Amino acid sequence: MLVIKDLYARVEGKDILKGINLTVNAGEVHVIMGPNGSGKSTLANVLAGNTNFEVTHGTAIFNGKDLLEMSADVRAKEGLFLGFQYPVEIPGVSMVNFLKTAVNEHRKYRDQPALSAGDFLKLMREKKAMVQIDSQLTNRSVNEGFSGGEKKKNEIFQMAMLEPTLAILDETDSGLDIDALRIVSNGVNLLKTPNNATILVTHYQRLLDYIVPDFVHVLYDGRIVKSAGKELALELEEKGYDWIKKEQGE
Amino acid sequence: MAEVLDKTTTVRRISDIYELNLSKIKDSLPDWINSSRRPALDAFQRMGIPGFKNENYKYTDLTRLFENENFRRAFKTDEFDVDLKDVFSCDVPEFDTHLILVVNGWYDESNNPSSSYPEGVIIKSFRKAVVENRDLVEKYYGKLAKAGTDPLIALNTAFAQDGLFIYIPDNTHISKPLQLINILRSEDDLYVTQRNLIIAGKNSQAKIMFCDHTLLPQNFIINNVTEFEIGEDAVIDIYSIQNQHNKTANLTGLYIRQQRNSHLVTNAVSLHGGIIRNNLNVLLDGEHAEAKICGLALSDKNQHVDNYTFIEHAKPNCQSNQLYKNILDDSSTGGFTGRIHVAPHAVKTQAYQRNNNVLLTNAAKMNTKPQLVIDNDDVKCSHGATVGSINEEALFYLQSRGINEKEARLMLMFAFAHEVLAEIKVDKLRDVIDKLVNKRLRGEVSKCHSCALDCIR
């Protein structure tokens, strides 16, 4: 589904990613961990098409297409979803208008007719129930005045609405209390199918109490320096990152 | 020195126009009103053309505009073939209003078939009211818009011949909005003077919409002064939509006095215009009067929109709340000056002001200036001004959900603008203006919208 080869990227003239190689197949859940500043969020943003990050080398092929050639909105319509670490508040843009526009842009891209107002509201009700988001939140402006937990739940709700084939969740678990964490991870688990895949970027092992990954990768200084099964996460939880740093010769 | 000479020359030329046409200007009007002309002209000569040396006109220098014009003056009502029903029907579909048409500053009865107003309401030509309703006009004329205080008021007072007169008696509610359409239409370049007087009695209620339009592509200057007296407990909404082409200079002054417990909303939506200068003075002259004052300006090309407000808190316990926003594209320019004065005895005043601006290009320019003069300690006042560009983070957020950049930008601009429009309390009117603004942001409103068809023909 996604094949990243030797990817380099920089922001404000500083190299952050220094040769990422990663392959994600349908049905898989990948976890990317690593110390602060290792490039986790940069990788997520580069894949989603944030133009603040400049790709200087390498390729990313998504379902056979060159991901790096696409604008952010096309990547989304091709089935890629970024759950933001810090979802943006957009006063004046209502959740309903925002989601309706997004859903219908996706449908237009696939040559499907736009949803009627009634069908759209029905879809929204279903997905709200599925991810257990407070029904009042969709009456407000996008993320405006939402608590930290509500914002993260809203990301999962949007993911449910858009049904991506590849979801990249950038620290969706940080700042959540236990109940919100459960709701977020339930959402991720519910949305999982054999045809889609998830990349979880996280700091903490605790999310992995709820979501069982197929692969755990350690990102350090712009490279994936270690990949293994879920047991690697437990090892990191126990020992921290110092032993990785040592292995890397620091 | 050259500049000073030019200015003097322009003032002299305008004074000559006055002298040469004095008999036309004074024609059919009583001495008591004609006698205010000479002192007004003197005041104009003293103050000169408003330019950047005049602190109040720092952001809108009219020197060149007046230097370069040698436009025809509309000293009498022109003959027209405008059919009232055709002019505005497409802009405001199914929006039920009392339509009032003023063409080139003149109120023509043939354009204004009688409408069913509540008993006692007077809506007529200003020049007719001067004769027929002398007691009312004389009591209020020139009291709020004082010729000695502003060169545009001075010019207006020297040349004023017609405009609109509205009187709403005490305890009278006009439920349908009054829609005053100011049309500019001429085969040659035209300078228009319009003078309005509106008196809303005690406990009266009305919603008044001013729609400024151009019908032909000539150069226009309009100097429009309105005095508006709002009685005790009255509830008045004033909305204006300015939609004129780029060769129009719209110089508008609205001078309002509010008495006890009255409630005012003003909302000026500037969609199009070459030079737009809105002077808005609100005198809060009775306790517990409230004013909500808003404006939204969308500009592109070389357009210029300048809102100048002066809110005078003369009595205790009044509240004013200002919200102005501009979205500036291309090399358009904008200005906002918000002056607030709280008098020494006007305790418990609440006065708030906010001006937010978005520049879409590097060439666009916005000047914003709060001016608060507070002469007592027992007040709550605040002001804030921002000039920025589209929030790139929000833009990426929308795009990351599959919304293309153009649409995402529009959503953000519309959201920014909508905060001002949300203050329009008439649902249907708000929907109409929402749609107009949306169209304008999408570039779908031609320079004079429905009227433009006429220009092209």
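Colleague: Before we get to the helices, how are angles and axes defined here?
Modeller: Axes are lines fitted to C-alpha atoms, for helices over the stretch in contact, and angles run from 0 to 180 degrees between N-to-C directions. Keep in mind that this is a predicted model.

Colleague: OK. At what angle do H3 and H5 of chain A pack?
Modeller: About 35°. H3 covers residues 95-109 and H5 covers residues 148-162, and their axes are 10 Å apart.

Colleague: Is that crossing left-handed or right-handed?
Modeller: H3(A) and H5(A) cross in the right-handed sense.

Colleague: Which residues make the contact?
Modeller: H3(A) brings A:Leu99, A:Ala102, A:Val103 and A:His106. H5(A) brings A:Gln158, A:Met161 and A:Leu162.

Colleague: And by class?
Modeller: Five residues of the H3(A)-H5(A) contact are nonpolar and two are polar. No charged residues take part.

Colleague: Now the sheet in chain A. What is the strand order?
Modeller: S6-S9-S10-S3-S11-S12. That is an open sheet of six strands, with mixed pairing.

Colleague: Which strands stand at the edges?
Modeller: S6 (80-83) and S12 (223-228) of chain A. Each has a single partner strand, so one side of each is left without a neighbour in the sheet.

Colleague: How about twist?
Modeller: The average is 20° from one strand to the next.

Colleague: How many bridges join S6(A) to S9(A)?
Modeller: Four, and the two strands run parallel. S9(A) spans residues 166-170. In that strand, A:Ala167 stands opposite A:Phe81.

Colleague: What packs on the sheet?
Modeller: Helix H1 of chain A, residues 40-48. H1(A) touches S3 (29-33), S6, S9, S10 (197-201) and S11 (215-220) of chain A. The direction of H1(A) makes about 145° with that of S9(A).

Colleague: Switching to chain B. Where are the domains?
Modeller: Domain 1 of chain B takes in 2-286 + 424-456, and domain 2 takes in 390-414. Their centres, taken over C-alpha atoms, are separated by 38 Å.

Colleague: What else does S18(B) join?
Modeller: S20(B), residues 379-388, through 10 bridges. Those strands run parallel too. There, B:Gln350 has B:Lys380 of S20(B) as its bridge partner.

Colleague: On to the interface. How many residues of each chain are in contact?
Modeller: 17 residues of chain B and 20 residues of chain A. On the chain B side, helices H10 (392-399) and H11 (405-421) each supply at least two residues.

Colleague: Which element of chain B gives the most?
Modeller: H11(B), with seven residues. By class, the side of chain B that touches chain A has seven nonpolar, five polar and five charged residues.

Colleague: What are the confidence scores for the complex?
Modeller: The predictor gives an ipTM of 0.96 and a pTM of 0.88.

Colleague: And per chain?
Modeller: Chain A averages a pLDDT of 92, with 100% of the residues scoring at least 70. Chain B averages 90, with 92% of the residues scoring at least 70.

Colleague: Where in chain B is the pLDDT below 50?
Modeller: Residues 1-5 are one such stretch, with zero contacts in the model beyond near neighbours in sequence. Residues 447-457 are also below 50, but that stretch has 23 contacts beyond near neighbours in sequence.

Terms used. Residues numbered from 1 in each chain as written. Chains lettered and ligands numbered in written order. Predicted model: local features only at pLDDT ≥ 70, side-chain atom pairs only at ≥ 80, totals over all residues. Left-handed = near helix turned anticlockwise from the far one by under 90°. Contact = placed C-beta atoms within 7 Å. Nonpolar A, V, L, I, M, F, W, Y, C, P; charged D, E, K, R; others polar. Pairing = 2+ DSSP bridges. pLDDT = per-residue confidence, 0-100. Domains from an automatic or database assignment.
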